[in-house]
Structure formats: structure tokens, C-alpha cells
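Welcome, and please open the structure in your viewer.

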Amino acid sequence: MVNSNTFFLLVLIAFISTIRSAVSISCFQCNSTDINHQFLCTENMEDSDSLRPQPCTSINDAAYCVTLIGLHSGGLGVTRYCSSHNLGNYCNYYKRPGDVVEYRTCIYTCDSDGCNGPKELTLFRYLKNLSIFQWFRNLSF
């Protein structure tokens, strides 16, 4: 009896270890150009109680949440989505042909549930603005 229980337990452990976890990261997923959520998916998300992080089941191996703010897909806005790749944290400036102004586009990537919401983004911006690099950028020679 002990041998059959031990064998059953070993088989069960081997089987469970081969099963890939169906649980994925949960991220805020919205687009400010979406007519249904355009006022909910803003840069600061003042009314963030209306949107909740959703499981990233439609992205294979989703491990990151991303917030893109600025120029994308031919327009200006905010997009929050899931990704299987770490896209980093940076900002670039773009000037489209024919435009007079330069647009700032920022990407913020994180790796915990709901981390691409408004509170985390505000903290990141605060820490980034404390950077000495910001001081150097504003110097004019």
C-alpha cells in the first residue's frame, strides 16, 4: 500500500510540474481613442475606479504591463496593454512631417499586476523628475 501511494504521489507531482500555469499577469487594458473608454483611459486616469486590471490571457507569455503616452498609431493618446516583452522605460521626441510642434512619447513597462495604472505612473514620473539628467537637459549653452 505504501509503495502504490508513493508511486501515485510521484506521478502526480511529475504531472503537475509539466502543466504550465494558466494564471497570467493582469494589466489595465485600454486605449484613449476607443470611443467606449476614451475618457477613462487618460494619462492620469482620474476615474480609475471604472477600469480594473484584466488578465492578459490573449497574449502568449504575457509578463509585462505597458503604458504608452503620446504619439502612436497616427494620433495622440494613451494606450495601456499587456506584453510578452520588456519594452523599457523611456521617452522620445517626434516631429511629424508638416507639424510645427514636437511630440513627446513615453513608454513605461512594469511586471506586476495592475502596475500600469495611474498611481504607479505618477510615482515613476516623480522619481524620474528628480533625476540629475533632467537638470542637464534644461541647460542651454
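Start by selecting T42, which touches V78 and R80 once residues up to four places away in sequence are set aside. This is a predicted model, so every stop on the tour is a stop in a prediction. T42 sits in the loop between strand 2 (30–31) and strand 3 (54–55).

Next, move to C41. Leaving out neighbours within four places in sequence, C41 is in contact with C30, N31, S32, L51, V78 and R80. C41 also belongs to the largest nonpolar core, which has 10 residues. To display that core, select F28, C30, L40, C41, M45, L51, I69, V78, C106 and Y108. Another core, of seven residues, lies apart from this one, and I25, C27, C82 and C115 are among its members.

Zoom out for a moment to take in the whole protein. There are three helices and seven strands, and from the N terminus the elements run α-β-β-β-β-β-β-β-α-α. Buried residues make up 28% of the 141 residues. Among contacts between residues at least 6 apart in sequence, 58% join residues at least 24 apart.

Now show the cysteines. How many disulfides does a search of the whole structure find? It finds five. Counting bonded cysteines along the chain, their pattern is 1-5, 2-3, 4-6, 7-8, 9-10.

- Select C27 and C65, whose sulfur atoms are 1.9 Å apart in a disulfide. The link is left-handed, with -80° about the S-S bond. It connects distant parts of the chain, with C27 in strand 1 and C65 in strand 4, 38 residues apart. C27 is buried at a relative accessible area of 0%, and C65 is buried with 0% relative accessibility.
- Select C56 and C82, joined by a disulfide with an S to S distance of 2.0 Å. The torsion about the S-S bond is about -70°, so this disulfide is left-handed. C56 is in the loop between strand 3 and strand 4, and C82 is in strand 5 (residues 75–83), 26 residues apart. Both C56 and C82 are buried.
- Select C91 and C106, a disulfide with sulfur atoms 2.0 Å apart. Its torsion is about 110°, so the link is right-handed. C91 lies in strand 6 (residues 90–94) and C106 in strand 7 (residues 103–110), 15 residues apart. C106 is buried, with a relative accessible area of 5%.

Go on to T67 in strand 4 (residues 64–72). T67 is buried, at 2% relative accessible area. A polar atom of the T67 side chain lies 3.3 Å from the backbone oxygen of N116.

Then select D61, in the loop between strand 3 and strand 4. D61 has a positive phi of about 60° although it is not a glycine, and D61 is partly exposed at 39% relative accessible area.

Finally, colour by pLDDT. The protein averages 76, and 61% of the residues score at least 70. Which elements have the lowest and highest mean pLDDT? Helix 3 (residues 132–138) has the lowest, 52, and strand 1 (residues 26–27) the highest, 96. Over residues 17–21 the pLDDT is below 50, and beyond near neighbours in sequence this stretch has two contacts in the model.

Note on methods. Residues numbered from 1 in each chain as written. Predicted model: local features only at pLDDT ≥ 70, side-chain atom pairs only at ≥ 80, totals over all residues. Heavy atoms only, no water. Core = buried A, V, L, I, M, F, W, Y, C linked by side-chain atoms within 4.5 Å. Buried < 20%, exposed > 50% of the residue type's maximum accessible area, 1.4 Å probe, protein only. Contact = heavy atoms within 4.5 Å. Helix = DSSP H or I, 4+ residues; strand = E, 2+ residues; numbered from the N terminus. Polar contact = N/O pair within 3.5 Å; in protein donor to acceptor, adjacent residues only side chain to side chain. pLDDT = per-residue confidence, 0-100. Disulfide = S-S within 2.5 Å.
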